[in-house]
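Hi,

Here is the structure I promised to pass on. Have a look, and my notes follow below.

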Amino acid sequence: MQITDRFQFPVLAPSIIAADELNLESEIQNCINLGVPWLHCDVMDGHFVPNITFGPDRIKAIKKKFPEILCDAHLMVSSPSFWLPKFLEMGADVITVHVENCVGSDIATWSQQCKDADVLFGLAIRPTTDLSVLKPWVSLIQVVNVMSVYPGFYGQKFMEGSPERIKTIRSWGDTSEFLIKVDGGINLETAQLCLDAGTDIFVMGGAFFKASDRKAITRDFSHLKRP
Ligand code: DX5
Ligand code: ZN
């Protein structure tokens, strides 16, 4: 079965960067209990962004314990050619690299490698990168990760120009052609703005894991309506 057939969009994708690091197993179990089976995994190498998180072994450990959960690896790394095959090998279900540090031949190769492994391939774009850099590649990707904060840290403020950027990207193709994921500063209010603009997947770091009532967030998210 295709990954996209397993989910009903819009999808909520908690980002484990904001989870309790010393209790990750129970944090993920809590997501599963809440019926939230899509995990966003922010991989930072300390070069592409000024922060370090974790590597492919984290994905392997998560998939071993929770094979049913979808691992969406967002690679904020300077050497995607080196890292992408390792994340494929460790069982990531979705792999996203940044368009800012790729050349076209890489994108075609990674797209094929992911396709062969039945993994969704995506490109992420920083909030300051011109959308024209992304447009030539949309036919080779299944997901666009639209950054609505500067990559590197959770808990930042949503950048207000993001829904307009999402609308433009959506005008290039509908959900059956590629999925749009918004990433950064998402809460129920900004999620609604991005849903209206055509987003399918909503990464939530701080607003989910630091919430006093995750059940309420999950329920209220499921009540958001497309226009
Ligand atoms: C930022 C990351 C985001 C971030 C989301 O570099 O890519 O996934 O962790 O966290 P919030 O939702 O708190 O902005
Ligand atoms: Zn991310």
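**The zinc site**

The site of the zinc ion (ligand 2) is octahedral, with angles of 70 to 175° among its six donor atoms. Donors here are N, O and S atoms within 2.8 Å of the metal (3.2 Å for Na, K and Ca), and water is not among the atoms, so sites may look incomplete. Six donors count as octahedral if opposite ones are over 155 degrees apart and all others between 65 and 115.

This is a predicted model: local features need pLDDT of at least 70, side-chain atom pairs count only at pLDDT 80 or more, and totals for chains, interfaces and linings use all residues. Residues are numbered from 1 along each chain as its sequence is written, chains are lettered from A and ligands numbered from 1 in the order in which they are written, and side-chain values use heavy atoms, with hydrogens and water left out.

The protein donors of the zinc ion (ligand 2) are His 40 (NE2), Asp 42 (OD), His 74 (ND1) and Asp 183 (OD), at 2.0 to 2.3 Å from it. Along the chain their spacing reads H-x1-D-x31-H-x108-D. His 40 and Asp 42 are both buried (under 20% relative accessible area, with exposed over 50% and partly exposed in between; 1.4 Å probe, protein chains only).

**Backbone notes**

Most residues other than glycine have a negative phi, and most peptide bonds are trans. Asp 118, not a glycine, has a positive phi of about 60°; Asp 118 counts as exposed because its relative accessibility is 56%. The peptide bond from Phe 9 to Pro 10 is cis, with omega near 0°.

Best wishes

Methods. Tetrahedral: all angles 85-135°; square planar, octahedral: opposite > 155°, others 65-115°.
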